[in-house]
Amino acid sequence: MRLSRLLFVTLREDPADAEVRSHALMARAGFIHKLAAGIYVYGPMMWRVLRRIENIVRDEHDAAGCHEMLMPALQPRELWEESGRWERYVKDGILFNFRDRKGSQMCLGPTHEEVITTFVKRQVQSYKQLPVTLYQIQTKFRDEIRPRFGLMRGKEFIMKDAYSFDVSEEKMAESYALMRTVYRNVFTRCGLRFTPVQADSGAIGGCGSEEFMVDAETGEDGIAVCRASGYAANLEKAVSVIPAGAQPSVEVAMHKEPTPGAKSCEALLKLFPELPMTRLLKTLLYKVTYADVDAGESEGIVAVMCRGDREINETKLSNYLNALALDLASEEQVKAATAAEVGYAGPIGLAKHVRLLADSSVEGVKGFLCGGNETDMHYLDVYFGRDLEQPETADFGTVQAGDTVVDGDGKIEITRGIEVGHIFQLGTKYSEAMQATFSDENQKTQVMWMGCYGIGVSRVAASAIEQNHDEGGMIWPLPIAPYAVHLVQMKAGNEEQDALAQEIHDKLEASGVDVLWDERKKVNPGAKFKDADLVGIPLRIVVGRDAGERKIEWSVRTDTATKESLDANQAMERAIRLVQESGR
RNA sequence: CGGGGCGUGGCUCAGCCUGGUAGAGUGCUGCGUUCGGGACGCAGAGGCCGGAGGUUCAAAUCCUCUCGCCCCGACCA
């Protein structure tokens, strides 16, 4: 492609509204253009990248026996009533929904379990038709609370979603395992460094699930990993062995002490410097909204205890309570529950309507300090079993760096990642709700077992840049780069250079290597190099002063400082070989 | 939703406090010189200052409302 014929506009400075590098660089290079918050135009260069990623996705899915299809983005409310998700998704606000001219309620699909299940239940009648895994690559719509970071979290984004249907739980697990391999292959081929982690299954529902995290400091997700055991889990899900804290040397009776103004663990430690943080138990109050099958929904107040040096994990708590929504209690609710100002909540003497729970970090803690449910008062030297019953206890805590893994004696580290893929074993949640059944060998009606599998295609592109860039610009992995070769012609109009560049361009294209040929006139060499660095095409061939001897300068985007003088034929052979090796 | 910040040629910003002829850099157009890491000269085009109302002889500037965008927080007591 001749660059002068492409709509090629680059900016010298970062757009003011771009925060992360991937966003700023793609915007500067004209790959994307923001239309509104979380809504982007994909320019021609970006589209080439996205198509590359899509084709890798297709290739791997097709190789695993999946079938591509396409479902409507526009969906009727009734479908979502069948699965029972309409209310929750509307309440969350995530669902773009509206009425058509007849007044029927519709939504723009944030995901497609309902549609696929409806389709498959019509198509599949017999066990002989199973297993089957279908997928599509399509734009998804989600009214995110806070779209941000360019393509990382948009209201509209490109997703590959796949759905497997099996005759049994065991077969579902097999389909799931196969898909896990597909995912590893896809992300490896995209040139990403990633970590598969155990994950919470969230609003989609179901049992086991794993996320594929691109290793990046700018990631929105925290991950707990252990190098020794290979354990890796999203912080929302991760479990660990909590290090024990110091014990008191002598046992004394519980007593209530004035603690004026001490509303935080830090403030309390100043008042009682001899106490370790592990002997402070904090009590957090939450407002919980329950999904009540009969009564619609109901609210309640839950108090959760946790050791002073630990944090409550709201995802775990919410799952345990089977809550529709979980929020910290308001000041008024705290006052009603504790008869005190905010900051003095404790397990003793809570209002009757409060349900008391404890995180497992409180287990074995003796002689602890806790809130007095009275302003400016705390209890000291409290013992479970002696002064009060230990409340209903479960794991509601967030894993911390330095904790011991549950499957060995390795230590946990916390890293960050960008979620580019998520695979679920759904079980029968949707097939049961929507009656997706089949006849087995014995003519018995059985419910299908489902799995679902998503890849954020546009997010893959953004995370590739988040992971691969430098001062000068983007560095695309060869398999997903917009072009394989950037052919930089120093002086357009020079006969020798024109001839050699044209030859290289034509021969490479004929060999299946796509070339972006910068043959702009009146653009100085420096500007061409800056542009080449910015767009980040991995292989570079510079046609310049030695064109007469068929000599070019070869370099790669990962190391533009190292330049090699090569014969043109040699360079073309090398480019062709590298492209073939990359599986592009 | 709550809090903070910002809307001025395509892009990055100044001007606003203290009201009085709308600016710079970059980009764009033309001509000439230059030509291996964002060259230079000359000549140009391009903005009802996000929108609406108000105050005033006069508003980018002051006041009110509104829309949009960005960041932080989702109150860890």
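**Close-up 1. Polar contacts to RNA strand B.** In this predicted model, a polar side-chain atom of lysine 282 sits 3.5 Å from a phosphate oxygen of RNA strand B. Alanine 16 uses its backbone instead: an N or O atom there lies 2.7 Å from a phosphate oxygen of RNA strand B. Glutamate 311 reaches a base: an N or O atom of its side chain is 2.5 Å from a base oxygen of RNA strand B. A polar contact is a pair of N or O atoms within 3.5 Å; within protein, one must be able to donate a hydrogen and the other to accept it, and residues adjacent in sequence count only if both atoms are side-chain atoms.

Close-up 2. A residue is near the strand if one of its heavy atoms lies within 4 Å of it. There are 43 residues around RNA strand B, and Ile145, Arg146, Lys263, Asp533 and Glu553 come nearest. Sugar and phosphate make up 54% of the RNA strand B atoms that come within 4 Å of the protein. By class, the surface has 17 nonpolar, six polar and 20 charged residues. Nonpolar means Ala, Val, Leu, Ile, Met, Phe, Trp, Tyr, Cys and Pro; charged means Asp, Glu, Lys and Arg; the others, Gly among them, are polar.

**Close-up 3. Elements that supply this surface.** Strand E1 (32-36), strand E14 (281-292), helix H13 (525-535) and strand E29 (539-543) each supply at least two residues. H13 gives the most, with seven residues. Helices (H or I, at least four residues) and strands (E, at least two) are DSSP runs, numbered from the N terminus.

**Close-up 4. The open sheet E13-E19-E18.** Its three strands pair antiparallel in that order. Strands E13 (255-258) and E18 (368-371) are the edges, each pairing on one side only. The twist averages 30° from one strand to the next. Axes are lines fitted to C-alpha atoms, for helices over the stretch in contact, and angles run from 0 to 180 degrees between N-to-C directions. Four bridges join E13 and strand E19 (residues 377-382) in the antiparallel sense. Lysine 256 has tyrosine 379 in E19 as its bridge partner. Two strands pair if DSSP finds at least two bridges between them.

**Close-up 5. The open sheet E4-E6-E5.** Three strands pair antiparallel in this order. E5 and strand E6 (residues 105-108) share three antiparallel bridges. Phenylalanine 98 has methionine 106 in E6 as its bridge partner.

**Conventions.** Residues are numbered from 1 along each chain as its sequence is written, chains are lettered from A and ligands numbered from 1 in the order written, and side-chain values use heavy atoms, without hydrogens and water. Local features need pLDDT of at least 70, side-chain atom pairs count only at pLDDT 80 or more, and totals for chains, interfaces and linings use all residues.
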